[in-house]
Amino acid sequence: MEARILWADDEIDLLKPHIIFLTQKGYEVDTVNNGSDAIEMAEENNYDVIFLDENMPGLTGLETLSAIKAKRPSVPIIMITKSEEEHIMEEAIGGQISDYLIKPVNPNQILLSLKKNLQTKDLVDQKNTHDYQVEFRQLAMRINDRLDASEWSDIYKELVRWELRLEKSSDSSMKEIFNMQKKEANAQFARFIDEEYAAWIEGDEDAPVLSHNVLKEKLFPALGKEPVFLVVIDNLRHDQWKVMQPLISEMFTIEKEETFYSILPTATQYARNALFSGLMPADIQKKHPNYWLGENDEGSKNQFEKELFEANLKRNHINVSMNYTKVIKLDFAKRLVDRFEDLMKYDVNVIVYNFVDMLSHARTDMEVIKELADDEAAYRSLTLSWFNHSPLKEMLKKVAEKGIRTFLTTDHGTIKVSNPVKVIGDKNTNTNLRYKTGKNLNFDESEVMVANSPERVKLPKENVSSSFIFAKENDFFAYPNNYNYYVNYYKDTFQHGGISLEEVIIPFVELKAK
């Protein structure tokens with residue numbers, strides 16, 4: 001049986017040819033000739049689709065619609081009307097009805113509407129699966145080719161596009177194939193970074209835009225011409241941006257949607273300080289020693305972002321008034337929206353939102369969050385839900401209403417880790433699960449990227465023999481003397497600091513108010 005249908009029409013006897021046609025196609029059709037009977041039948045039975053005549057005597061089609069929806073909110077209802085009246089279209093737009101047909105209807109119209117409402121997901125699944133199968137081989141060849149930084153950005157964006165298309169599919173085997181392909185891409189990308197990164201930091205002309213020069217390249221040309229907002233959402237991946245994009249697009253036109261590369265480590269202490277200062281970490285330590293805190297220093301490692309950004313503007317001879325705000329608590333975010341007009345006196349407003357970063361760490365520490373975000377799709381969904389109900393969305397709406405150009409970006413991404421890699425370090429070794437720095441680190445060189453000379457990649461040295469190591473793909477570091485604890489507690493959590501497409505290639509978006 002294809003599906004069970006209820007059809008309510010006061011002239012139902014005249015529709016017998018249509019009923020016979022649907023029965024021959026495998027549908028089971030129950031019929032009634034008034035709204036009251038339709039409501040009763042809908043309460044007593046589970047229908048896949050209900051056809052309602054809009055102009056029935058007694059209870060009208062719309063009155064019947066409301067009564068059925070109150071009891072069966074998810075059942076698709078197709079309204080049949082004499083004309084394309086405005087109120088019918090409004091009900092369709094509002095989601096109360098799934099489709100509408102204009103009399104006289106023919107059997108093919110009915111069949112098409114049924115397929116649209118009953119088989120859309122299957123048809124979309126089939127198309128997505130077919131399209132990905134066609135493109136799989138081409139993607140595989142590109143992933144294993146000799147790519148540059150720009151081409152890797154394109155590969156990652158393409159993988160995200162397919163991930164978002166396939167995540168709603170019921171074909172688990174196709175999802176598994178995709179996950180294997182993304183894992184292979186991350187393995188090749190880690191090799192690429194290992195080979196190229198040091199040359200980029202040393203000034204290679206083929207280097208991509210990196211954390212420490214992205215504002216100079218993308219933001220500074222717009223300063224001084226008009227008021228500007230810079231919104232930095234900590235730990236925002238490209239796929240998270242893509243699911244937020246439709247909501248942003250209601251307020252802004254996407255002028256430019258680009259990516260840049262986070263520096264290593266892909267951790268807030270390093271990447272965001274580099275973002276605001278326009279300097280690599282070792283240069284921050286050298287030029288602004290009062291603004292740099294090392295791994296073993298107490299206090300927030302990002303407490304001087306405002307001062308670093310001011311120094312960056314001054315170094316680039318940009319004379320503008322600037323306001324910097326960091327949002328780490330919900331009540332503060334709400335107060336910031338309330339005093340929005342106070343921000344209008346500044347040429348540049350910088351707002352740092354830490355929520356996504358807190359979400360990723362909370363997912364490690366809180367069982368409730370673990371259950372809410374137990375996979376990539378759920379993690380994206382949780383981010384979208386947060387943004388949709390956040391003061392940040394309210395703030396951006398106000399910014400758009402004022403017609404202010406806005407730049408949205410992040411400092412690094414995050415990856416779901418699953419494979420423990422053993423490392424040994426002394427008591428002064430840092431605690432991050434995706435990178436380690438210290439002296440006398442013991443590890444398998446085949447499993448990590450090593451920076452034995454931190455100064456070459458412009459990272460600070462805590463002591464003469466310090467080195468850095470970075471986890472690759474979906475690995476995370478675990479200490480042998482507490483191995484089982486680390487594996488059980490941190491496996492399948494979202495972490496950052498290492499090398500993966502998700503952590504390194506991140507969005508920079510220019511928005512123009514509509």
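User: A contact is taken here as heavy atoms within 4.5 Å. Among the contacts in the protein with a separation of 6 or more, what percentage comes from residues 24 or more positions apart?

Analyst: This is a predicted model, in which local features need pLDDT of at least 70, side-chain atom pairs count only at pLDDT 80 or more, and totals for chains, interfaces and linings use all residues. Residues are numbered from 1 along each chain as its sequence is written, and side-chain values use heavy atoms, with hydrogens and water left out. For contacts with a separation of 6 or more, the share from residues 24 or more positions apart is 74%.

User: How many helices and how many strands are there in the protein?

Analyst: Both are DSSP runs numbered from the N terminus: helices are H or I with at least four residues, and strands are E with at least two. Counted in this way, the protein has 20 helices and 19 strands.

User: What percentage of the residues of the protein count as buried?

Analyst: Buried means under 20% relative accessible area, exposed over 50%, and partly exposed in between, with a 1.4 Å probe and protein chains only. The protein has 514 residues, and the buried share is 53%.

User: Why do the buried residues of helix H3 lie on the same side, and which residues are exposed on the other side?

Analyst: The buried residues of H3, which spans residues 61-71, are Gly61, Thr64, Leu65, Ile68 and Lys69. They lie on the same side of H3 because they cover an arc of only 130° around the axis, the arc being that of the directions from the helix axis to the C-beta atoms. An α-helix has 3.6 residues a turn, so residues three or four places apart point the same way. On the other side of H3, the exposed residues are Ala70 and Lys71.

User: Is Ala187 buried or exposed?

Analyst: Ala187 is found in helix H8. Because its relative accessibility is 9%, Ala187 counts as buried.
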